[in-house]
Amino acid sequence: MTSSSPPPLSTEELQRYARHIVLPEIGGPGQQKLKRARVLVVGAGGLGAPVLQYLAAAGVGTLGIVDDDTVSLSNLQRQVIHETASVGRPKVESAADTIGRINPHVAVEIHRMRLDAGNAASLVAAYDVVIDGSDNFDTRYTVADACAAAARPLVAAAVGRFDGSLTVLKPYETGADGAAYPSYRDLFPEPPPAGLVPSCAEAGVLGALTGVMGTLQAMEAIKLVAGIGEPLVGRILLYDALGARFDVMRYKARQQAAE
């Protein structure tokens with residue numbers, strides 16, 4: 001994580017984060033790690049909304065937001081960081097305003113652009129942790145490749161209709177057994193054929209589902225920043241909302257899986 005030290009927590013911050021600080025796993029040092037952290041969130045939509053809200057509330061010092069879209073009325077059923085009055089506004093600006101109301105101690109860096117192969121490397125390198133809340137495979141592969149090259153942990157999730165998935169990627173590190181952790185391309189070697197997976201607009205998505213998965217992404221990011229728990233590295237969490245069931249599957253790098 002970033003090595004620069006933030007100023008000590010103020011009296012107001014000590015009160016704001018009191019329920020974190022009393023947790024032995026977080027405490028004052030963990031809260032300082034959160035304050036020092038720089039987290040990039042790709043997409044200020046259904047997944048990005050709860051991610052940004054919970055990371056802001058948790059006291060992550062700097063949140064970067066990448067999105068080139070504007071708020072539409074059909075977004076509001078799930079993108080809870082935006083409000084009716086925000087329709088027509090850039091999502092990055094609407095999200096930044098909400099973050100400011102949640103926690104004035106959080107700095108917001110706006111990137112009103114579409115993340116692509118031309119800008120991904122420089123964007124990713126400027127942050128400690130990246131969270132992918134995008135809704136298309138081109139962006140997912142681009143983000144994953146940039147994070148792998150820059151040695152930045154990636155919290156990746158996807159949703160569709162009533163189902164969600166979540167994993168953490170650190171392919172630049174090795175596990176206790178000395179084997180390299182898998183990459184996004186180990187999990188998904190190539191994108192599905194065009195048209196095979198319908199978009200959210202075509203298939204629909206239950207609004208609360210994005211809240212569940214985005215909140216889980218925020219949890220994984222906090223674990224990574226604070227250095228607690230066991231992040232979902234080499235594991236993918238699958239959520240079936242209609243069946244109220246979570247399943248976790250392990251996966252390996254393709255080279256190791258073939259051995």
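This note comments on the salt bridges of a predicted model.

1. On the basis of the comments: the model is predicted, so that local features need pLDDT of at least 70 and side-chain atom pairs count only at pLDDT 80 or more, while totals for chains, interfaces and linings use all residues. Residues are numbered from 1 along each chain as its sequence is written, and side-chain values use heavy atoms, with hydrogens and water left out.

2. The structure contains 13 salt bridges, a salt bridge being a side-chain nitrogen of Lys or Arg within 4 Å of a carboxyl oxygen of Asp or Glu.

3. One of these salt bridges joins the side chains of R16 and E12, at 3.2 Å from N to O. The two residues lie 4 residues apart in helix α1 (residues 11-16), and R16 and E12 are therefore separated by about one helical turn; helices here are DSSP runs of H or I with at least four residues, numbered from the N terminus. R16 is partly exposed at a relative accessible area of 32%, and E12 is partly exposed at 35%, where buried means under 20% relative accessible area, exposed over 50%, and partly exposed in between (1.4 Å probe, protein chains only).

4. R235 pairs with E230 in a salt bridge whose closest N and O atoms are 3.9 Å apart, and R235 is buried, its relative accessible area being 13%.

5. A salt bridge also links the side chains of R245 and D240, with 3.3 Å from N to O, and R245 is partly exposed, with a relative accessible area of 42%. Elsewhere, R89, E93 and D97 belong to one network, joined by salt bridges that share partners.
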